[in-house]
Amino acid sequence: MKVIYSLFFTLFFINTLQAQLPDLIPIPVDMKAGLAGDQFSLHSETMVLLSDSALTPSASYLNDYLQQHYKLTLRKLDYAANERSANVISLVRTAGVGTQPDEYKLTVTKQNITIQASTDAGIFYGVQTLLQLLPLPTQADRFQIPAVDIYDYPRFGYRGMHLDVSRHFFDVAFVKRYIDYLAMHKMNFFHWHLTDDHGWRIEIKKHPLLTEIGAWRDGSIIGLYPGTGNDGIPHGGFYTQEEIKEVVKYAQDRYITVIPEIEMPGHSMAVLAAYPELSTTPKLPKKVAQTWGIFNKFNNVLLPSEQTFAFLEDVLTEVMALFPSPYIHIGGDECAKIWWKQSAFTQQLIKEKGLKDENGVQSYFIHRIEEFVNSKGKTIIGWDEILDGGLAPNAIVMSWRGEKGGIVAAKQKHKVIMAPENFMYFNHKQFLKEDSLTAQRYVPLDVVYQYEPISPGLMAQDQTYIWGAQGNLWTEYITNPAKVEYQLFPRLDALSEILWSPKNKRNYPDFKRRLKTQFKRYDLLDINYPKRYL
């Protein structure tokens, strides 16, 4: 009995010596608190040391954050030239951390902070974790960071978030802010939905009418689809090629790949308003769409002609020159094939090419585009409708109509990004009664958090084709940045933990507890999250 009491008091004594674990989102793979009372003191004399200049983006990001929120500027020094042994933040790229992609090790002691990683991205993720360890700003000139040891790496290689700027346009300043939100949560892909029926948002120099005509609409429906009328308020905008380059560079400095989406062969009303000759009904009047949905009444489908393919190759050539991403999203969803069924040209094409039906036309169209994109060294991504009529050989499938399309594609040995609407569409309401108009499905925080991208319907050998998952934010009913933030948070936190943290670390009650600390950070950053969670 004395031995038991002795062991109990020993364990109790050790526990009291250890500091409390910090509240981090996403939760790391492994985290051990240091001794209680051991803290690193961050102040104006602290230095940041880099093992090489390639880590400058991470150091600059850290410095910018500290300048903005803590009024601190850290002096950057070359790692090899350092003669100081204390009060240093070291960013060290090294091969000796472990074997996982983009892993990092973060160590905080009383004397120093060290972030080690084998990749530049790993260093950046370590910096993001370090920022979560900071106390909230005060009037003090020193800030205490608790001692801790963290080893961490992402579970999935694709951790994506989407933003639709066609239904409602958002300027460059907000797009950058959105990218910062993704960076905070260790996301590594930004899916930029640049074209749709309701507006073409990217400058194409060879086809200027796309932005002169296609970027502007005369009004938008009032209320939920089909609406109670039209507001008659003109809406539009587009990004110049220089602005596109600016955003891409901004994302690169945060280790985020920007994937542009150029919709085809449906959702092309903005294209046809500018170039009606690419339609199956060129003589019918065309306007940029003012209502949402799939159009069987108004033709928004491209004619599968050589003229259309030449036009799309022109567009994609300019797009691919602007985006270094290996991936180009070509849409492929919700194509109203009735317009091909009623097209004499398309029916003749079906006969000439030996296609089975209009689904075969969809497959033919996507195959043609894939061949061109592949010839430029890039890979297409498409919504799961690109399975219709047969999947293009190298295509990546983004599964949004549930998981079925993703499962089918994975069984065919294609990479898959899971984005099922009932879990991953953040334009839907997160409360049963919302304060403003939203899409009408109910996708609350707990539903998002419980999502598992690897479906139990997949055999072990097919599970490896699940590249990751993505949250989507469509903006039919989202007209301003504050509403974007309201819809995004804190569901982005849940998504980040799904995609980054080990499955066995996920715990919803603990996640909600950690959110309380996260909300304080959001207050610091002036983020418009729903206050109902407080």
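Student: In which loop is Ser166 found?

Tutor: Bear in mind that this is a predicted model. Ser166 is found in the loop that runs between β10 (158-164) and α4 (172-184).

Student: Is Ser166 buried or exposed, and which residues does Ser166 touch?

Tutor: A residue is called buried when its relative accessible area is under 20%; Ser166 has 0%, and therefore counts as buried. Leaving aside residues up to four places away in sequence, Ser166 touches His193, Thr195, Asp196, His198, Gly199, Arg201 and Arg217.

Student: How many aromatic pairs does a search of the whole structure find, and why is the pair of Phe124 and Tyr255 described as it is?

Tutor: The search of the whole structure finds 38 aromatic pairs. Planes under 30 degrees apart count as stacked and those over 60 as edge-to-face, with the rest being tilted; the ring centres of Phe124 and Tyr255 are 5.4 Å apart and their planes stand at 50°, so this pair is tilted. Because Phe124 belongs to helix α3 (residues 120-133) while Tyr255 lies in the loop between α6 (241-252) and β16 (257-264), the pair ties together parts that are 131 residues apart in sequence. Phe124 is buried at 0% relative accessibility, and Tyr255 is buried too, at 19%.

Student: Where does the charged end of Lys186 sit?

Tutor: The charged end of Lys186 sits over the ring of Trp500, 5.6 Å from the ring's centre, and Arg532 lies over the face of Phe431, at 4.2 Å from the ring centre.

Terms used: Residues numbered from 1 in each chain as written. Predicted model: local features only at pLDDT ≥ 70, side-chain atom pairs only at ≥ 80, totals over all residues. Heavy atoms only, no water. Phe/Tyr/Trp six-rings, centres within 6.5 Å; stacked < 30°, edge-to-face > 60°. Helix = DSSP H or I, 4+ residues; strand = E, 2+ residues; numbered from the N terminus. Buried < 20%, exposed > 50% of the residue type's maximum accessible area, 1.4 Å probe, protein only. Lys NZ or Arg CZ within 6 Å of the ring centre and 35° of its normal. Contact = heavy atoms within 4.5 Å.
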